[in-house]
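Me: I would like to go through this structure in a few quick questions. Here it is.

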Amino acid sequence: MVDTETFVPEATAEIEDEIGDANAVIALSGGVDSSVAAALAYESIGDQLTPVYVDTGLMRKGETDQIRETFDYMDSLRIVDAKDRFLEALEGVVDPEKKREIIGEQFIREFEREAKDADADYLVQGTIYPDRIESEGGIKSHHNVGGLPDVVDFDGIVEPVRDLYKDEVREVARHLDLDELVAERMPFPGPGLAVRVIGEVTEEKLEVARDACHVVEEELEEYEPWQALAAVIGKATGVKGDNRVHGWVVSVRSVESRDGMTARAQEIDWETLQRIQSRITGQNENVARVVYDVTHKPPATIEYE
Ligand code: XMP
């Protein structure tokens with residue numbers, strides 16, 4: 001386990017050594033990794049760092065407001081509303097890797113503009129140890145690894161938490177007094193809710209997934225899952241009143257894991273599952289059924305795409 005007492009001063013000193021008097025940018029995702037990297041870098045170089053948060057429209061419920069609150073103390077924070085541009089770029093796209101690619105590219109476009117505006121020579125990233133391993137192994141294209149460094153001609157990339165596991169990053173977050181919600185927040189994938197809707201990304205599916213994820217996170221908190229989530233996985237028949245309807249199928253998933261590389265589906269009691277079902281179908285009349293995913297990783301992945 002990381003020794004936060006020594007880690008924080010060492011990390012901030014290293015950042016200052018590398019960046020000196022230059023400017024830097026970091027893409028804040030709302031997750032704990034980039035939040036910690038940003039907090040360390042801000043502590044080290046202050047407003048020479050421009051933290052950029054791109055609201056892709058694929059974020060969790062309330063995420064943008066939370067970012068605004070948590071990082072309010074950073075005068076240089078920039079929040080970019082790019083929802084419409086992401087949705088437009090994703091229109092008609094169903095292939096999972098293509099979706100990731102488009103999101104990655106659009107993100108880069110948004111970020112590039114901001115980095116140029118900030119006159120940044122350095123890129124700070126919240127890459128953690130498991131990200132590097134999975135990317136090197138070619139398991140999946142992580143949009144937070146490999147893409148951004150090519151954007152602008154940065155003099156260097158600084159990755160203050162590159163050797164840490166997720167639970168160690170959380171330790172550091174607590175040590176830095178980062179908002180409890182950020183420190184404890186479940187991991188959330190770079191491409192956001194787009195990997196929690198199977199097939200084309202539409203505003204309607206995103207809304208169902210976003211609201212369902214919120215319910216699941218709330219209801220399953222006491223199980224202390226590594227990740228608890230909901231995904232829109234297709235359509236099926238249901239009944240509303242006297243009518244048969246063709247509505248969304250929402251899959252609920254809750255897993256325990258140390259680093260996301262393998263995971264075990266959690267056993268959830270029936271009453272809780274029923275409450276989740278009733279809240280999800282109750283809040284959105286276009287949801288026809290809710291199922292619970294019992295598959296471990298492997299053979300499944302944690303996310304749906
Ligand atoms: P999977 O679905 O591959 O996910 O079992 C393992 C862990 O990684 C997260 N994940 C991502 N994180 N960019 C990220 O930064 C991505 O493209 C991405 N895809 C999955 C996932 O939420 C889980 O914690």
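Me: Where is the place of Gly31?
Reply: The model is predicted. In the record, the unreviewed UniProt entry includes Gly31 in a "binding site" annotation. Gly31 has its place in the loop between strand E1 (24-28) and helix H2 (32-45).

Me: Is Gly31 buried or exposed?
Reply: Among its contacts beyond four places in sequence are Arg185 and Phe188. The cut-off for a buried residue is 20 or more other C-beta atoms within 10 Å. Gly31 has 22, so the class is buried.

Me: Which residues does Val32 touch, not counting residues up to four places away in sequence?
Reply: Val32 is found in helix H2. Val32 is buried, with 25 other C-beta atoms within 10 Å. The residues touched are Val169, Arg170, Ala173, Val182, Ala183 and Arg185.

Me: Which strands stand at the edges of the sheet?
Reply: Five strands form an open, parallel sheet in the order E3-E2-E1-E4-E5. An edge strand has a single partner, so one side is left without a neighbour in the sheet. That applies to strand E3 (78-81) and strand E5 (156-158).

Me: What is the bridge partner of Val54 in E3?
Reply: Strand E2 (residues 49-55) pairs with E3 in the parallel sense, over four bridges. In E3, the partner of Val54 is Val80.

Me: At about what angle does H2 run to E1?
Reply: Helix H1 (residues 4-19) packs on the sheet, with a direction at about 170 degrees to that of E5. H2 lies across E1, E2 and E4. To E1, H2 runs at about 155 degrees.

Methods
Residues are numbered from 1 along each chain as its sequence is written. This is a predicted model: local features need pLDDT of at least 70, side-chain atom pairs count only at pLDDT 80 or more; totals for chains, interfaces and linings use all residues. UniProt positions are given in the numbering used here, feature names are shortened, and annotations may be inferred rather than shown by experiment. Helices (H or I, at least four residues) and strands (E, at least two) are DSSP runs, numbered from the N terminus. A residue is buried if 20 or more other C-beta atoms lie within 10 Å of its own, exposed if 12 or fewer, and partly exposed in between; C-beta atoms are placed from the backbone. Two residues are in contact if their C-beta atoms, placed from the backbone, lie within 7 Å. Two strands pair if DSSP finds at least two bridges between them. Axes are lines fitted to C-alpha atoms, for helices over the stretch in contact, and angles run from 0 to 180 degrees between N-to-C directions.
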